[in-house]
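Please read the points below with the sequence and the structure open beside them.

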Amino acid sequence: MVRKIPSLHALVSSALVEKDVENAYRSAVVNARPDAVVSSPYGCDGLIAWDDVRLLLECKLDVDFKDRAVVCRVLGQALAYVRRFIDAGEPVPNVVMLADRNECLVLPLAVLDGFHEHREHIRFIACRQEGGA
């Protein structure tokens, strides 16, 4: 008997809490990559590893990833988890997935390496984006 696996869309569409979104994406990756190993070190939403991929998953229930401030906030949270891997001397995730019930963003961590390598020389200021400001 063949077991029918719910689609990612069906799972995230019915999500009521952030954990539902997290579990939907975890399931989708594991269904696509049965050899994947899933864990949650440092309290992150998920570290999914297979072959040479170490994917860090950061999920939200329903945010607007078209809003740059939202993307920066969620990406900042993911990078805080990456920092924990670095500080512990563990292998660092090489892919980051930011996801909610409507969309996801996947990027190689290498595009952000400069921020970690030169963090002593970069002044980070958190502020709201105001049009024309």
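1. The structure holds one aromatic pair. Rings of Phe, Tyr and Trp (its six-membered ring) pair if their centres lie within 6.5 Å; planes under 30 degrees apart are stacked, over 60 edge-to-face, the rest tilted.

2. Tyrosine 42 lies in the loop between β1 and β2 and phenylalanine 85 in helix α3 (residues 68-88), so the pair ties together parts 43 residues apart in sequence. Helices (H or I, at least four residues) and strands (E, at least two) are DSSP runs, numbered from the N terminus.

3. This is a predicted model: local features need pLDDT of at least 70, side-chain atom pairs count only at pLDDT 80 or more, and totals for chains, interfaces and linings use all residues. Residues are numbered from 1 along each chain as its sequence is written, and side-chain values use heavy atoms, leaving out hydrogens and water.

4. Phenylalanine 85 is buried, at 0% relative accessible area, whereas tyrosine 42 is partly exposed, at 30%. Buried means under 20% relative accessible area, exposed over 50%, partly exposed in between (1.4 Å probe, protein chains only).

5. Most residues other than glycine have a negative phi. Phi of tyrosine 42 is positive, near 60 degrees. Aspartate 51, in the loop between β2 and β3, has a positive phi near 45 degrees and is exposed, at 63% relative accessibility.

6. Which residues of α2 are buried? They are Val21, Glu22, Ala24, Tyr25, Arg26 and Val29. The elements they pack against (heavy atoms within 4.5 Å) include α1 (8-13) and β3 (53-59).
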